[in-house]
Amino acid sequence: KSFTLLISRNLPLIYISGGVTGALSLNRLIYTILPDLLINYTVVHQVGRNNLDQAEWYKQTLARELQLNYLPIAYFDEYEHSWFLNQAKFIISRSGANTVTEFALIAKVSLQIPLPWSAANEQFYNAKILVKAGSAEVYQQDKDSNLLQFINNMLNNYEKYFSNAKKFTIKIQKNGTEKMLNEMLKIISLK
């Protein structure tokens, strides 16, 4: 794959993922600021399975030197997703429970953009966990403005966010499987 080529460009990597259901509206937000991001960053953008043609068309409208810094992909498999998570300096994503947990476990700095229509605003509350830990900020796409300013403010203070992310990951208990197994064994032994 062309992943190594992207990293060899010596620009920090921003990974953007809208997931399956929230990709289209997130993509539209990203397209408005993408040329500004591509000046200083390589952007890998998971656009969603139904949105790749639009992303490829948009890429062709960019200046040639910016096109080299942009990789839109429909969807990543587990290996690719893992690889980009580990390589990315900064992540922009939705705020599903799995996503938030993943970022907390691997100490990633992120801008969380919760789905405005998530059930009971759950994605907003998920994102607040990372905000409270100091490793993320929340951008509400239906309320906030100036996405680029949010991103630049975070990247200008990256070391603070990253330090907080590392502190938070240490606090997370990582023996969930063992605890669940022990609880199941307790229940079985009661029968």
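**Sheet, helices and surface**

Visitor: Which residue in β3 is the bridge partner of Gln46?

Guide: This is a predicted model, in which local features need pLDDT of at least 70, side-chain atom pairs count only at pLDDT 80 or more, and totals for chains, interfaces and linings use all residues. Residues are numbered from 1 along each chain as its sequence is written, and side-chain values use heavy atoms, with hydrogens and water left out. Strands (E, at least two residues) and helices (H or I, at least four) are DSSP runs numbered from the N terminus, and two strands pair if DSSP finds at least two bridges between them. β2 (residues 42-46) and β3 (residues 70-73) run parallel with 4 bridges, and in β3 the partner of Gln46 is Ile73.

Visitor: Which residue has Gln46 as its bridge partner in β2?

Guide: The strand β1 (residues 13-17) is joined to β2 by 5 bridges, and the two run parallel. Within this pairing, the residue that meets Gln46 is Ser17.

Visitor: How many residues of β2 are buried?

Guide: Buried means under 20% relative accessible area, exposed over 50%, and partly exposed in between, with a 1.4 Å probe and protein chains only. In a regular strand the side chains alternate between the two faces of the sheet. Thr42, Val44 and Gln46 point one way from β2, Val43 and His45 point the other way, and all are buried. The count for β2 is therefore 5 of 5.

Visitor: In what order do the 6 strands of the open sheet stand?

Guide: Strands of a sheet pair through backbone hydrogen bonds, either parallel or antiparallel. Here the pairing is parallel, and the order is β3-β2-β1-β4-β5-β6.

Visitor: Why is one side of β3 and of β6 left without a neighbour in the sheet?

Guide: β3 and β6 (136-138) have a single partner strand each, so one side of each lacks a neighbour. The twist averages 15 degrees from one strand to the next, where axes are lines fitted to C-alpha atoms, for helices over the stretch in contact, and angles run from 0 to 180 degrees between N-to-C directions. The reason asked for is that both strands stand at the edges.

Visitor: What angle does the direction of helix α5 make with that of β1?

Guide: Helix α5 (residues 78-87) packs on the sheet. Its contacts (heavy atoms within 4.5 Å) reach β1, β2, β3 and β4 (90-93). With the direction of β1, that of α5 makes an angle of about 135 degrees.

Visitor: At what angle to β5 does helix α8 run?

Guide: Helix α8 (residues 147-156) lies across β1, β4, β5 (110-112) and β6. Relative to β5, helix α8 runs at about 150 degrees.

Visitor: Which residue of β5 is the bridge partner of Ser93?

Guide: Both faces of β4 are covered, with Phe90 and Ile92 buried on one side and Ile91 and Ser93 on the other. Towards β1, the pairing of β4 is parallel over 4 bridges, and Ile14 stands opposite Phe90. Towards β5, 3 bridges join the strands, again in parallel. The partner of Ser93 there is Gln112.

Visitor: Is Ala120 buried or exposed?

Guide: Ala120 lies in the loop between β5 and α7 (122-133), and its phi is positive, about 55 degrees, although it is not a glycine. Its relative accessibility is 74%, so Ala120 counts as exposed.

Visitor: How does Asn146 count at 43% relative accessibility?

Guide: Asn146 lies in the loop between β6 and α8. Its phi is near 55 degrees, a positive value in a residue other than glycine. At 43%, Asn146 counts as partly exposed.

Visitor: What is the distance between the closest N and O atoms of Glu183 and Lys186?

Guide: A salt bridge is a side-chain nitrogen of Lys or Arg within 4 Å of a carboxyl oxygen of Asp or Glu, and the whole structure has 1. Glu183 and Lys186 both lie in helix α10, 3 residues apart, about one turn of the helix. Their closest N and O atoms are separated by 3.2 Å.

Visitor: What is the area of the nonpolar surface patch that includes Met184?

Guide: Patches are made of residues with over 30% relative accessible area and no salt bridge, like charges being joined within 9 Å and nonpolar side chains (Val, Leu, Ile, Met, Phe, Trp, Tyr) within 5 Å. Accessible areas come from the Shrake-Rupley method with a 1.4 Å probe, and for residues only the protein chains shown count as cover. Met184 is in helix α10 (residues 176-190) and is partly exposed at 46% relative accessibility. Together with Met180, Leu181, Leu185 and Ile188, Met184 makes a patch of about 520 Å².
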